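The exercises below concern a structure of two chains and are each followed by a worked solution.

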Amino acid sequence: MNIFWLIMMLASMLVLLIVNPSAMLSEMIGASTEALELCIELCAVYVVWLGFIELIDASGLSNKLAKLLRPLIKKIFKVDNEETEKLIALNISANMLGVGNAATPMGIRAMQALDDKSEKANFAMIMLVVINATSIQLLPTTVIGLRASAGSANPADIILPTLIVTVTTTIMGILLVHGIEKLRKKIKGRKKQ
Amino acid sequence: MSAYILPILFILLFIYCIYKRLNTYDNFVKGAKGAIKLVVDIFPFIASIMIAVALLRVSGITSWLTQILSPIFNALGVPSELTELVLLRPFTGSGSYALLEDVLVTYGADSYISRCACVIMGCSETIFYVATVYFSQTKVKKLLYAIPVALICSIVGTILACLLCRIM
């Protein structure tokens with residue numbers, strides 16, 4: 001992340017220095033104001049979702065959900081910790097329902113639970129990022145809503161192609177991460193010999 | 001139809017809580033308490049990435065990249081009108097949704113380009129934003145291959161989305 005940010009910032013600042021130096025600072029402050037507005041909005045959204053999630057958790061539903069998804073999560077993430085499994089199960093379920101805003105707090109907590117304080121992302125953490133990135137969602141509610149308000153005759157006809165793509169890329173992501181991890185272990189094994 | 005799913009789930013949750021004799025108000029408040037702390041913790045990370053994206057756009061680098069990448073995208077079957085959307089999608093959710101609305105208005109909601117844009121948006125995520133925010137509360141400094149793999153899946157998804165929209 002450090003290197004991505006550095007390249008993005010330095011390249012744009014160098015170009016701006018030539019094209020429009022006076023815009024640099026005001027753009028940065030403008031963007032951070034936007035971020036603050038987004039965070040205020042997110043705070044309101046999180047109050048609702050974290051409230052509901054606490055209910056799901058306290059009523060024991062999250063444990064049931066985790067138990068249901070457990071074999072799958074164990075196989076994909078190779079974790080063996082009930083609390084972590086529960087957080088991952090909630091994160092994935094929220095993504096499937098198309099409520100990314102409810103998935104974020106659970107994703108953050110799952111990452112904290114997976115953290116081994118080693119400064120390097122471990123296998124399960126990478127898997128969680130990749131699965132979130134391929135956005136395994138059953139109903140793209142926001143997109144359908146936008147399409148309906150733009151006057152589409154059949155706003156829901158994108159559901160099937162979206163589903164096919166997200167399932168394909170999710171499976172591909174899982175296989176890729178597993179493959180890379182195997183390769184890394186092999187290389188490590190060779191180095192030791 | 002899809003408008004009913006979440007409301008029904010919420011009501012079922014409350015009924016289940018009553019059945020479990022759970023104090024709904026106390027527990028809801030307990031969970032909601034975490035919201036402000038969470039937002040305060042992730043704000044600097046969100047702001048930093050939004051600053052970088054804003055500078056990329058105002059410096060003209062994004063439109064320059066859009067021009068360079070358009071022919072490549074076209075060759076892969078992705079309409080060149082969608083290059084900017086595909087380019088910005090990994091960085092900004094609000095920005096790419098604004099672009100999607102533009103596309104829907106400009107080309108009509110049922111055009112091939114709009115349908116491609118919708119499927120692309122539905123099956124992708126703001127990868128850099130997710131990675132920053134998810135890792136923000138851990139000690140992790142090196143993400144290893146997380147972002148490259150996520151980006152590869154996203155590109156394959158984009159190409160597949162445009163292909164499927166042509167035949168479906």
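Two residues are in contact if their C-beta atoms, placed from the backbone, lie within 7 Å. The model is predicted, with pLDDT of at least 70 needed for local features and 80 or more for side-chain atom pairs, while totals for chains, interfaces and linings use all residues. Residues are numbered from 1 along each chain as its sequence is written, and chains are lettered from A and ligands numbered from 1 in the order in which they are written.

**Exercise 1.** Describe the side of chain A that touches chain B.

*Solution.* Step one: 81 residues of chain A are in contact with 76 residues of chain B. Step two: the helices (DSSP runs of H or I, at least four residues, numbered from the N terminus) that each supply at least two residues of this side of chain A include α1 (2–19), α5 (100–114) and α8 (159–192). Step three: the largest share, 22 residues, comes from α2(A).

**Exercise 2.** Determine how α3 (residues 34–58) and α8 (residues 127–135) of chain B are arranged.

*Solution.* Step one: the axes (lines fitted to C-alpha atoms over the stretch in contact, with angles from 0 to 180 degrees between N-to-C directions) come within 9 Å and cross at roughly 150°. Step two: α3(B) and α8(B) are therefore roughly antiparallel to each other, a term for angles over 145 degrees. Step three: the contact is made by B:I42, B:F45, B:I46 and B:I49 of α3(B) with B:F128, B:Y129, B:T132 and B:V133 of α8(B).

**Exercise 3.** State the mean confidence of chain A.

*Solution.* The mean pLDDT (the predictor's confidence in each residue, from 0 to 100) of chain A is 90, and 99% of its residues reach 70 or more.

How values were computed
Angles under 35 degrees count as roughly parallel, over 145 as roughly antiparallel, 65 to 115 as roughly perpendicular and the rest as oblique.
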